[in-house]
Amino acid sequence: MKKILYTLIGIAGLSLASCDMDKYPYNEIPTDEALRTLSDFKNFRNGFYEYTQVLFTGDYVIQPEVQADGLNAVIDFTNTYGAWYRWQHTAESGGQWSGFYALISNCNLVLEKGVSLMHTFSDADQITLKHYLGEAYFMRALAYEELAIRFCKPYNASTAANDLGVALVTKYAPSSQSSTYPARSSLAKTYELITADLDSAAKYITTPGTQNSGYLTEDAVAALKARVALQMKDYTAAINAAKPLVDGDKYPLVTTAVAMKDMWTNDKSTEVIFQPVFKAGQLGSATGTVLIDKSGSNTKLNPDFLPTETVLNLYDNKDIRFATYFKPGSITFSSGTATLYYCNKYPGNPAYCTGNTQFVNAPKIFRVAEMYLILAEAYKESNDETNALIYLNALRSKRIADYVNQTYTGNVLTDEIRKERQREFYMEGYRLWDLKRYGIGLSGRTPQDGTYVYLNGNDNTTNISKEATDFRFVWPIPSHEINANPQIKNQQNEGY
């Protein structure tokens, strides 16, 4: 019996539209026939981008934000992400393990077949194939990085060799024999693979960066290198990767409320480094549903979650981000009606749908604003407060009208950089992982109006307080994975 490649499964709604649907079932391609021609490799390469459309939208973005400190569930809460919001999630609550491994599996197949068949292609086609291999290395690194921040402890160079990483799979070898499944590696080995893959990606991806690029460029590789280096607390490497992306002004920060809205509504901006191509009929998940209308119809204001008062108070009244990220609206609850701010960061791009937008926007996987804040943090942690201030003030001067440069030192500077990340990346999926990386825990979700908040005053809702050592900062490996793989049966994360 032929081995079957299950391509693009594990993520509901995805299909490899460019494959020949007449010859095989939509989700099954025999592996000995899957990759032969350059066109075959291109089809799989396009599949990588379809994965990113899903893995960086919807649940993958909102679930960690719900667990953090920027949202209050409303009094008519439908319990969407409820276990995560209350910090009661278990291995049975599910997770985001399988989606990233599905992408990794496809990357492994492309790398394996691409290397073995390289000599059969013309010189011109080899150049293109090497670019596809570079994209496979990049996507595998990106997937493993996302797994590591969810399912592993924060990276610490002194303990990484003994801390659990994730299960590393670098060869395409599907099997029904559970005895062949891998155990979890160390966290050190996990990051060794991530950095090695990024080095390989940099070797093969030589396309110059362009604003709002829908495909990978050399600048996207540099941006991921900077992000990974910051996670590893390798501040020199973070600076070296991020600085050229900022200093060349290739990706100018937007400076007006109109341009900010254009970035988040119409998915167009000068400061976006990589944003996977979206088009009607080939979209990711809706990210704004529970923030605007939990029914998904986009016909009324009916959120499951509202921004906390603490978050709203972070913004200066001249901050161009505020009017794009937040919007006041009259909301009718079972106990009354109130005008409150809701998060409008993902209103839906009207170009993707006819009629209601359904809250679908393309994910901005890398923006130059992140590079500014990586530089600010990396310089501060390297005891170079002068340069840390330069990049912090540079970002703020573009976001806040009539901004006057500030001078901070010591812990105050550290705190201001962290607050700026919270402002800039509100509801982009960063906050929980930032708290985890900082090692500072979580304290409180002060509501705009406690009258309309679910379980107001409860220790698992508005009055929540979690130490940095709380085991639920590290997500559990889903129980179905533990049950399927005897090698990780005794490698579940602490506390679950």
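Colleague: What makes the charged end of Arg 418 count as sitting over the ring of Tyr 438?

Modeller: A charge sits over a ring if NZ of Lys or CZ of Arg is within 6 Å of the ring centre and within 35 degrees of the ring normal. The charged end of Arg 418 is 4.1 Å from the ring centre of Tyr 438, so it qualifies. Lys 345 also lies over a ring face, that of Trp 264, at 4.5 Å from the centre.

Before we go on: this is a predicted model, where local features need pLDDT of at least 70, side-chain atom pairs need 80 or more, and totals for chains, interfaces and linings use all residues. Numbering runs from 1 along each chain as its sequence is written, and side-chain values use heavy atoms, without hydrogens or water.

Colleague: How many aromatic pairs does a search of the whole structure find?

Modeller: There are 33.

Colleague: Why is the pair of Tyr 60 and Phe 100 called what it is?

Modeller: Rings of Phe, Tyr and Trp (its six-membered ring) pair if their centres lie within 6.5 Å; planes under 30 degrees apart are stacked, over 60 edge-to-face, and the rest tilted. Tyr 60 and Phe 100 have centres 5.5 Å apart and planes at 90°, so they are an edge-to-face pair. Tyr 60 is in helix α3 and Phe 100 in helix α5, 40 residues apart; a helix here is a DSSP run of H or I, at least four residues. Both residues are buried, meaning under 20% relative accessible area, with exposed over 50% and partly exposed in between (1.4 Å probe, protein chains only).

Colleague: What kind of pair do Phe 471 and Tyr 496 form?

Modeller: Edge-to-face again: 5.0 Å between centres, 80° between planes. Phe 471 lies in the loop between β12 and α18 and Tyr 496 in the segment after α18, so the pair ties together parts 25 residues apart in sequence; strands such as β12 are E runs of at least two residues.

Colleague: Why is Phe 471 called partly exposed?

Modeller: Its relative accessible area is 27%, which falls between the two limits I gave. Tyr 496, at 25%, is partly exposed too.

Colleague: What makes up the lining of the largest cavity, by residue type?

Modeller: A cavity is a set of points on a 1 Å grid over the protein atoms alone where a 1.4 Å probe fits but cannot get out, and lining residues have an atom within 4 Å of a point. Here 29 residues line it, divided into 14 nonpolar, five polar and ten charged. Ala, Val, Leu, Ile, Met, Phe, Trp, Tyr, Cys and Pro count as nonpolar, Asp, Glu, Lys and Arg as charged, and the others as polar.

Conventions. 1 Å grid on protein atoms, 1.4 Å probe; cavity = no way out; pocket = protein on both sides within 12 Å on 5 of 7 lines; lining within 4 Å.
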